Amino acid sequence: MSKEIKNPLPVKNNTSIVAARGVNDETGLAQYIQTVQKIPVLSAEQEYEYATQWVKKQDKFAAEKLVASHLRLVVSVAYDYKNYGIPVSELIASGNMGLMQALQKFDPDKGFRFSTYAMFWIKAEIYETILNNWSVVRIGTSANQKRVFFNLSRAKRALGIMDNNLSDEQTKQIAEYLDVPERDVERMATRIGARDLSLNAPINSDDGASDILSNMTDGRDNIEQVLEQVEFRKRGYELLKKHLGKMSERDRAILTARRLQQPVATLESLSQKYGISRERVRQIEERAYKKLRDAILQESEG
């Protein structure tokens, strides 16, 4: 199922905006790639300038330049996952959605390059597309079930298991190898085996041909681990923003200046700013930090 990009940028007749809208019926994949490759890569200084103009002034021209210069990154990531059975054009469209989300949430003053930040959002959208297009995981999207889905074939090869119908002992071995409950292995193995086209069927009739699932293996970081990291970071950011917003203006400002920004503000500078002693600044910082930490831990464990 194709995804459309909800693009907040104005549509104009220029190559960067056409490219930002993704691959469609009028623009073939090869032509699209040629288009994005012609878009200049921004220097770190240009990137920071455009990002700052977008964040502070909502300058859509700056946002367009920032997004367009990173479209080739989306293409690169999409091709890394082309063996998961999803058309590359669809992966690119999803990655572009992730790029647009990164644009909305990026803070240039945190000190990170936009490409580093955007990579997490691009991968998260592409992973979600892969999962949503595999009917086998539409009813199994927990972290453990994702781990089994993306690593079952690898685990079976590592353990020397050739059977499609797993015995209780084989299920136990795989569960221990992947560090997941046996029931998740059993359920996912059953769902995979129940597909109209078995993922363990040979790609062609040649003897010794590899199976489809084997060719889905990603040589980079384990996909479910990266996805979990993205989801964890996203959840952590949401909780941080939420509970910071509940603090008084002075407490939030002092905690941010002392713990959440670079360079770290000195106690002396903050004492002068708020007309209080350095010791009082330190006390406010410690109290605010403990309050924030406890609130986040309590909600995340709830």
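Reader: What percentage of the 302 residues in the chain do buried residues make up?

Author: Buried residues make up 40% of the 302 residues, where buried means under 20% relative accessible area, exposed over 50% and partly exposed in between, with a 1.4 Å probe and protein chains only. The model is predicted, so local features need pLDDT of at least 70 and side-chain atom pairs pLDDT 80 or more, while totals for chains, interfaces and linings use all residues. Residues are numbered from 1 along each chain as its sequence is written, and side-chain values use heavy atoms, without hydrogens or water.

Reader: Why is Gln170 called buried?

Author: Gln170 has a relative accessible area of 14%. The cut-off for buried is under 20%, and therefore Gln170 counts as buried. This residue is found in helix H9, residues 168-178.

Reader: What makes the approach of the Gln170 side chain to the backbone nitrogen of Ser167 a polar contact?

Author: The distance is 2.9 Å. A polar contact is a pair of N or O atoms within 3.5 Å; within protein, one must be able to donate a hydrogen and the other to accept it, and residues adjacent in sequence count only if both atoms are side-chain atoms. Leaving aside residues up to four places away in sequence, Gln170 also touches Ile161, Asp163 and Asn165, contact being heavy atoms within 4.5 Å.

Reader: How do you know that His243 is buried?

Author: The relative accessibility of His243 is 8%, and the limit is under 20%, so His243 is buried. His243 lies in helix H11, residues 223-244, and touches Leu292, Ala295, Ile296 and Glu299, not counting residues up to four places away in sequence.

Reader: What makes the span of helix H6 close to the expected one?

Author: H6, residues 88-105, has 18 residues and reaches 26 Å from its first C-alpha to its last, against an expected 26 Å. The expected span is 1.5 Å times one less than the number of residues.

Reader: Why are H6 and H7 called oblique to each other?

Author: Their axes come within 7 Å and cross at roughly 135°. Axes are lines fitted to C-alpha atoms, for helices over the stretch in contact, and angles run from 0 to 180 degrees between N-to-C directions. Angles under 35 degrees count as roughly parallel, over 145 as roughly antiparallel, 65 to 115 as roughly perpendicular and the rest as oblique; H6 and H7 are therefore oblique.

Terms used. Helix = DSSP H or I, 4+ residues; strand = E, 2+ residues; numbered from the N terminus.
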